[in-house]
Amino acid sequence: MESTFSGIWNTENNALSSVLNTLTQLANEHFDIEISPHKMLEESHYRELVLSELAKLDHQEINELISWLQTPIKKNPKTKARPFRFIAVTLALIAMIGCGYWYSSSMILNEPTLKAPIVTIEKQSPKVEQTKQASKIDELPPILEPIPSIAFRLHGSNTIGEKLAPALLEAFLTQQGAQQLSWRKGANSVERELHFLHEGNNKFIELHAHGSSTAFADLKLAKAEIGMASRRIKNTELLELSASLGSLDQVGNEHIIGLDGLAVIVNQNNGLKKLSTKTLAKVFSGEINNWSQLGGENKAITIYSRDEHSGTWDTFKNLVLKKYSKKLSDKAIRLESSTELSAKVSQNENAIGFIGLNYVLHNKALAIAASKNTTAIFPTRFTIGTEDYALARRLYFYTPTSASPLVKSFAQFAISTQGQNIVAETGLISQNIKLEETYLQSDAPSKYNHYVKNGKRLSLNFRFDYATKDLDNKGKRDLHRLVSFMEQHNGRRIALLGFSDSVGAQLKNQNLSLQRAKSVELELTSRGIPVMSVEGFGEALPIANNNTEAGRKRNRRVEVWLL
């Protein structure tokens with residue numbers, strides 16, 4: 001920094017620019033005050049007000065910079081005007097004033113109907129002058145307002161980020177006592193900020209919904225504190241993030257916040273009612289490209305798909321295309337927004353697409369069969385809640401082990417009863433337990449139909465990892481939900497009906513299904529919940545294809561019935 005300031009306020013003055021940048025940084029770091037260096041150079045009133053206010057902060061480094069800015073180099077005495085120049089200029093001014101007076105007098109005389117206005121000059125009192133100065137200051141834009149601090153950032157799934165996450169955030173902040181909640185748009189349609197006031201502090205939460213894969217990428221880069229995903233974390237992502245973020249597949253870090261059904265939609269005027277996943281794969285790969293091949297009119301099929309970053313796409317790819325070694329057709333139209341995809345299908349009678357259940361809107365959802373040996377099931381709140389529907393999926397929040405108490409409290413709120421009510425209100429599937437009437441099945445064991453006649457099925461299934469009796473993370477949370485549910489249904493009893501996949505000997509699978517049901521019984525009785533009966537049905541009544549790991553996992557289940 002030069003020893004003295006030249007007094008020239010422009011961008012070409014490098015010494016001045018350096019001082020202004022340092023001043024801006026100090027004010028921001030120590031007092032959360034934002035200063036515009038550009039306005040400091042261009043607007044003298046802004047500059048004077050800033051320097052005046054900063055001087056009141058009594059900060060040594062800031063005061064030194066202000067002193068430098070207010071002590072410019074004095075002009076060289078040689079540059080002063082000489083006496084004879086002053087005299088010449090004075091005489092010239094007198095002559096001009098005289099001419100002006102003669103001219104104005106002549107004009108007044110030539111206009112007899114007009115009278116010269118009488119101007120009275122009054123000396124302003126100090127009080128009036130101060131008021132005017134204060135008024136000028138009031139007209140200036142606010143510059144010393146503290147910058148809002150970031151509370152946390154959620155990045156990832158568009159399915160979660162478009163409706164559910166905003167609703168959960170608003171309810172959570174209201175519960176925490178926050179006020180003045182307002183949303184502000186970001187750089188594009190899937191980026192925004194929720195600003196709020198809490199305990200006198202201005203804060204905001206950042207919400208970016210570019211797709212599930214961005215959740216894990218941004219967690220890795222420390223660009224987000226919560227990852228939103230409409231698919232489970234992959235093994236490669238898990239290994240990549242475990243060193244810095246902890247085990248994201250553990251119950252403390254993986255939060256199943258709701259359920260969703262991947263609905264296959266067609267236009268309401270389309271006569272098609274159901275498809276198997278195998279036929280579905282042929283349609284979306286382009287192998288079947290005309291509706292006449294499916295019993296419809298002779299018209300080309302228009303395929304709509306979510307984009308590469310979408311968890312919705314990732315789920316469809318794994319549950320449908322990858323299952324049959326197919327790839328998405330090159331002619332498919334890829335879209336980032338779920339709402340836009342739904343609208344496109346509703347406006348095109350030849351279209352087909354896949355979407356989250358709450359985005360079906362003005363379209364028709366098809367019944368889907370997992371294989372030729374399973375029944376085609378429509379996506380409903382109950383079939384998705386029990387995960388019996390072939391294209392049911394879970395929605396996740398992922399938080400690091402080292403997450404702040406605020407982040408952990410928000411994740412806990414999302415899976416609470418209140419949070420799950422909000423999940424239902426936004427059109428997704430809540431994990432709060434409900435009862436459902438069921439119907440006799442001709443291919444079911446007689447003992448199973450006994451429970452159908454005398455009981456009601458609850459909207460949850462307990463599921464397990466391969467060849468184990470260990471509940472998955474959802475099952476561990478569902479235990480608490482079931483305990484709360486039974487506390488509200490005193491005097492009722494429950495039955496646990498176990499099922500297995502078809503890998504291995506039939507008798508072994510029947511025993512394994514019984515052992516899994518008994519492991520749930522042990523968890524419930526240890527919490528004071530009475531269990532009336534426990535059954536093992538082995539490979540009976542598969543709801544998914546046993547030829548895939550995803551299908552086998554869905555078949556390894558324990559149903560809960562209320563008697």
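**Close-up views of rings and cores**

**View 1. Arg557 sits over a ring.** In this view, Arg557 lies over the face of Phe499, at 4.1 Å from the ring centre. Keep in mind as you look that this is a predicted model.

**View 2. Arg192 meets Trp183.** Here the ring belongs to Trp183, and Arg192 lies over its face at 5.1 Å from the ring centre.

**View 3. A stacked pair of tyrosines.** A pair of aromatic rings is described by the distance of the centres and the angle of the planes. The structure has 14 aromatic pairs. One of them is formed by Tyr396 and Tyr398, which are stacked with 5.5 Å from centre to centre and 20° between the planes. Are these two tyrosines buried or exposed? Both Tyr396 and Tyr398 are buried.

**View 4. A cluster of phenylalanines.** Look for Phe152, Phe172, Phe397, Phe410 and Phe413, which together make one aromatic cluster.

**View 5. Inside the largest nonpolar core.** In soluble globular proteins, nonpolar side chains tend to be buried together. The largest nonpolar core has 46 residues, and those touching the most other members are Leu280, Phe284, Phe316, Ile352, Ile368 and Leu391. Among the elements giving two or more residues to this core are helix 10 (277–285), helix 11 (311–321) and strand 10 (351–356). Which element provides the largest share? Strand 6 does, with six residues.

**View 6. Ile352 and its contacts.** Leaving aside residues up to four places away in sequence, Ile352 touches several residues, including Val264, Ile265, Val266, Phe284, Trp291 and Tyr304.

**View 7. A second core.** A separate core of 28 residues includes Leu173, Leu395, Ile422 and Leu428.

Note on methods. Residues numbered from 1 in each chain as written. Predicted model: local features only at pLDDT ≥ 70, side-chain atom pairs only at ≥ 80, totals over all residues. Heavy atoms only, no water. Phe/Tyr/Trp six-rings, centres within 6.5 Å; stacked < 30°, edge-to-face > 60°. Buried < 20%, exposed > 50% of the residue type's maximum accessible area, 1.4 Å probe, protein only. Lys NZ or Arg CZ within 6 Å of the ring centre and 35° of its normal. Core = buried A, V, L, I, M, F, W, Y, C linked by side-chain atoms within 4.5 Å. Helix = DSSP H or I, 4+ residues; strand = E, 2+ residues; numbered from the N terminus. Contact = heavy atoms within 4.5 Å.
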